[in-house]
Structure formats: C-alpha cells, structure tokens
Amino acid sequence: MLNKPTWSILAVTVGISLTACKILPTQSADGGDAAAFNPDKMVEEIWAAKVVPYLQQKAGPFPEVHALAKTDPAAAGAKYGNPNKQANSPWTFTVRLEGEIVAANTQSRAATVDVDVDGDGKADARVQIGPAMRGTALRDSLDFVQFNDFTNQIDFAQFGKAFNAYAGKTVLSKLPRDALEGRTAKILGAYTLESGQDLPLVTPAEAEIGPKP
Amino acid sequence: MKLTRRMTLAAFAGMLALGTAAPAYAADLIAIITPSHDNPFFKAEAVGAEAKAKELGYEALVLVHDDDANKQSELIDTAIGRGAKAIILDNAGADATVAAVQKAKDAGVPSFLIDREINATGVAVAQIVSNNYQGAQLGAQEFVKLMGEKGNFVELVGKESDTNAGIRSKGYHDVIDDYPDLKMVAQQSANWSQTEAYSKMESILQANPDIKGVISGNDTMAMGAYAALVAANRKDVIVVGFDGSNDVRDSITAGGIKATVLQPAYAQAQMAVEQANDFIKNKKSPAKEKQLMDCVLVNSENAPKLETFALTN
C-alpha cells in the first residue's frame, strides 16, 4: 500500500526525464545542420566582439616579434603565436606594425604595400590590402578557432577565407590605392612564418594609411 | 575463423588485464591498410608506416583495399583476427569506413587514419589528413602568378567519389575566382588517370586552342595532360599538378610541368605510427583526433630536393 505512491512518483520522474531527453535530438539536429553553415555570418558575429579584442591584446610590436621569430620561433610562438595551432603547421603571430610605405603593388588584384618599420629605407614587411588575399593568417592566429570544431576541411577553409573577406570589405576596401609610397601605414594583423618568403606577409584586421606627405 | 577470432580476442583481453608486462603475443603487430600501391603516393604511405613500425619494434601487416569498402571491411576483420595492436588506415570512403573502424574499436583495436577523413569523430583515435584545401590554394596561387592573373585555362578534376577531388577543386577556385580575367573554358574529370587525362586534353585542345594554362587535381592527370600538349606542340601551356610525385618533379626540373603541391605522405604515415605507439605503450591519445598537415608548394626552386613524397633539407 505504502509502495504504490512511491512507484507512481517514480514513474512520473522517469516520464519527466524521458521527456527531457527528447529535447536533445532537436538540439543536435540544429547544431549539425551543415546546410546552414554560413562562415561570413559567423565571422561577422565574432569580429568586433572577439577577434579584434583578441588581436589587440595579443599583438606585439612587429620588429620585436619578427626578431624573436627568426632566432627562436617557439619562444616567439609562446608569446605572440596561437598555442593551439596544428602540430606541423608553422607559427602564426599577431603583430602591430607602423612605418612608411616604401613600395606598393596595386597592379595585382592581390595588392600589397611594403612597409619600412625601422626607418632604414628598406621594406620589413609586406601588407596585403586586397581585394584578393592569400592565406589564412587571421583565422590561424586565433586560439579559440579549432579545426576539430568544423565538419571538414572545406568548412574550415571557408571560415578562413571569410576572415579575409570581412577585413577586405570593412577595412581594406576603404584604403587609398594611389600614390601610396611615402605615406605612413598603421596595421594590426597577423602573419604566418613561412620559409623561402622574401618578406613576412601580414594580413590586416585594422589598417590606416596616412595622408600624402 | 570465428573461433580463432574469439580466442584471439580472449587472449587480447587477457593481455590487457595483465598489463604491459606480458610478453608480446600479438602485441607487436600493426596493420597498415591503404589503397593500391599502383599509385606511388599510397605506396609511399605504406613504406613510411612500415619503416616506422619496424623502427619502433613492431611487426607490420601491409594490406591493400583497392578502394573497395567491402574488401576494407574484410581486411579489418583480418587485422582484428591477427590481434593487431593498431590499424593505420588510408580509408575507402568517408561514410562506408565509419562502421569498419567502429568494429575494430569494439574489438579493442584502435585505428589511426591517414590521408582521408571520415564523416565521424570519436571512432578513430586519430585522423591525420593532408590539408588539401590549403595545398590547393598554394597551387592555385602559383598558377595565378604563372598566368599573369589573366587568360583562358582548363581544370582537370579527380575521381568524383573521392572527397579530396572536390576539396582540391574548391581550393583552386577559392583563389582563382578572385581574378576575373582568368577564364575557365573547360572543366572535366579525368578520374585521376594519366591516359584519360591525355585523351581529354586532346579533345579539349581541339575545341579550345587558345588556352594558356591547365590546373590539374593530381600529378598523374597533369602528366597525361602535359604529354598531350607536347604531342600537339603546345609546350607553352602552363601546367600545375598536385601530390608531389617523382614523375612531376622530373618534369619540373626539365622545364615541363611548372609546379605541384607536395602532400607529406611519408611523414604523415610515420606520424600515425608514432601516435599508435604512444597509444599502445602509454595509453595516450593525441591531443586532437583530427589533425591537419600542411602541404608544400614545389616548383623549379625546390624540386631537386623532392624524393618519394618528402622534401630533404
């Protein structure tokens, strides 16, 4: 007699927990909706809230970062790199860069400016100003972006490209294109340490080009 | 067969219970399963994995599934039956392979995947794959540069059923489509085949004599296309491939094909065996299941350093 209410309570509890369980598939169906994968929107949503603050906080002055990167990439990586990078990938560093534009290639759609940072008249870094941009340095500089969080390498790559596209659209397309030599450039961005490269190729997240001298 | 398998499993379980101090019964065996060795790429994987397994004191069981999912399933049974401690696998299909790898896992045999991904996580211990997309972007950037950012071109695509064919094509277009003066006049699949690429290239060339470049989803098709171009006296056409084979290396150094992209097949297979070893001996899984390995551009500057899918320093 005493047992009966206990059993019915138990049955109710089981009933509730089963009902609660049923919610889960709905959620996972949402999360696994590959058709809804929209990298451009994902980047737009995190850009101001997470990406730029992260880069601002992590970035080191370019001369310091690059000097350390050339002598001790692991030490530079520990300080300015993404600690969660893929094991065999080169380091990607977050940098702040300021200097004078000593050369510009705006003939190519992958346009670049060469910047002299230390004032010796020679270029120290090449900065991409789009519209076509190479690599995935912005994506690869972020410690909160993981390949394992993506369904496959296509999604991961498109997410990488979306960073370039967003920077291109919101920042770089507004930069001047003519008579760039002699002007100042101020950049917050990232570059990947690659061998056999004549100049480090920096992808900007923020960029300013000063007035004509 | 079934009895043997049961007994092996029992022995295997018993050994697990005894711990690592037990003498090697089947403890020493690592199974290495890849597509056919006819393609030097897969051969390099098998050779790399076998060499590393032996170096670490294992016996190696080298098998080929010929891109047949049923055969792959049987070979996994064989590996389980032989008491393999781990399986190194370049798989025969992103979906079809999931069940086979799960079967091995249920039998206590961990799998370490190389080259191709599967559409599931948590089944294999590791999936070490070439970053085909990044590699394709490298190849396409070089192609764009060689083309001077303009002109008509042809794309040869790989076997449609192979995930990597689609990934490479997407990677190529990801870069090339940013240049409106580059115009694709033909896009055809030659199914990774050299002879098929030769005949396709012949007919494409007849319909489009004004082409300036060919970008190919792999090296064997690049070789076929280039041979057809030479036969038509069109050595001026720029050809770029993908894989980093010795054949294309020789063509690059002889001034034929202009560039390819190296997939580190040998190093990848060795890395998988190292991770398997760590798992067997220390019960340690790699930090991440899915691991991407970057590809490297090969052109006339570094081609002489290329040998059997590895660059020497």
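**Exercise 1.** State how many bridges join strand β1 (residues 60-61) of chain A to strand β2 (residues 92-105) of chain A, and describe the other pairings of β2(A).

*Solution.* 
Step 1. In this predicted model, two bridges join β1(A) to β2(A), and the strands run parallel. Strands here are DSSP runs of E of at least two residues, helices are runs of H or I of at least four residues, and both are numbered from the N terminus. Two strands pair if DSSP finds at least two bridges between them. Within this pairing, Pro61(A) has Arg96(A) as its bridge partner in β2(A).

Step 2. β2(A) is also joined to strand β5 (residues 184-192) of chain A by nine bridges, in the antiparallel sense. Thr94(A) has its bridge partner in β5(A), namely Ala190(A).

Step 3. With strand β3 (residues 110-116) of chain A, β2(A) pairs antiparallel over five bridges. Here Ile101(A) stands opposite Val115(A).

Residues are numbered from 1 along each chain as its sequence is written, and chains are lettered from A and ligands numbered from 1 in the order in which they are written. Local features need pLDDT of at least 70 and side-chain atom pairs count only at pLDDT 80 or more, while totals for chains, interfaces and linings use all residues.

**Exercise 2.** Describe the secondary structure of chain A along the sequence, and its burial.

*Solution.* 
Step 1. Chain A has six helices and six strands. Their pattern along the sequence is α-α-β-α-α-β-β-β-α-α-β-β.

Step 2. Of the 213 residues in chain A, 34% are buried. A residue is buried if 20 or more other C-beta atoms, placed from the backbone, lie within 10 Å of its own, exposed if 12 or fewer, and partly exposed in between.

**Exercise 3.** Describe how helix α2 (residues 39-58) of chain A and helix α6 (residues 153-170) of chain A cross.

*Solution.* 
Step 1. The axes come within 8 Å and cross at roughly 60 degrees. Axes are lines fitted to C-alpha atoms, for helices over the stretch in contact, and angles run from 0 to 180 degrees between N-to-C directions.

Step 2. The two helices are therefore oblique to each other; angles under 35 degrees count as roughly parallel, over 145 as roughly antiparallel, 65 to 115 as roughly perpendicular and the rest as oblique.

Step 3. Residues of α2(A) including Met42(A) and Trp47(A) meet residues of α6(A), among them Phe159(A) and Tyr166(A). Residues are in contact if their C-beta atoms, placed from the backbone, lie within 7 Å. By class, this contact has nine nonpolar, one polar and two charged residues. Ala, Val, Leu, Ile, Met, Phe, Trp, Tyr, Cys and Pro count as nonpolar, Asp, Glu, Lys and Arg as charged, and the others, Gly among them, as polar.

**Exercise 4.** Give the strand order of the open sheet of six strands in chain B, and identify the edges.

*Solution.* 
Step 1. The order is β2-β1-β3-β4-β5-β11, with parallel pairing.

Step 2. β2 (59-64) and β11 (290-293) of chain B each have a single partner strand, so one side of each lacks a neighbour in the sheet. The twist averages 15 degrees from one strand to the next.

Step 3. Strand β1 (residues 29-34) of chain B is joined to β2(B) by six bridges, and Ile33(B) has Leu63(B) as its bridge partner.

**Exercise 5.** State how many residues of chain B are in contact with chain A.

*Solution.* 
20 residues of chain B are in contact with 16 residues of chain A. On the chain B side, five are nonpolar, six polar and nine charged.

Definitions and conventions: Two residues are in contact if their C-beta atoms, placed from the backbone, lie within 7 Å.
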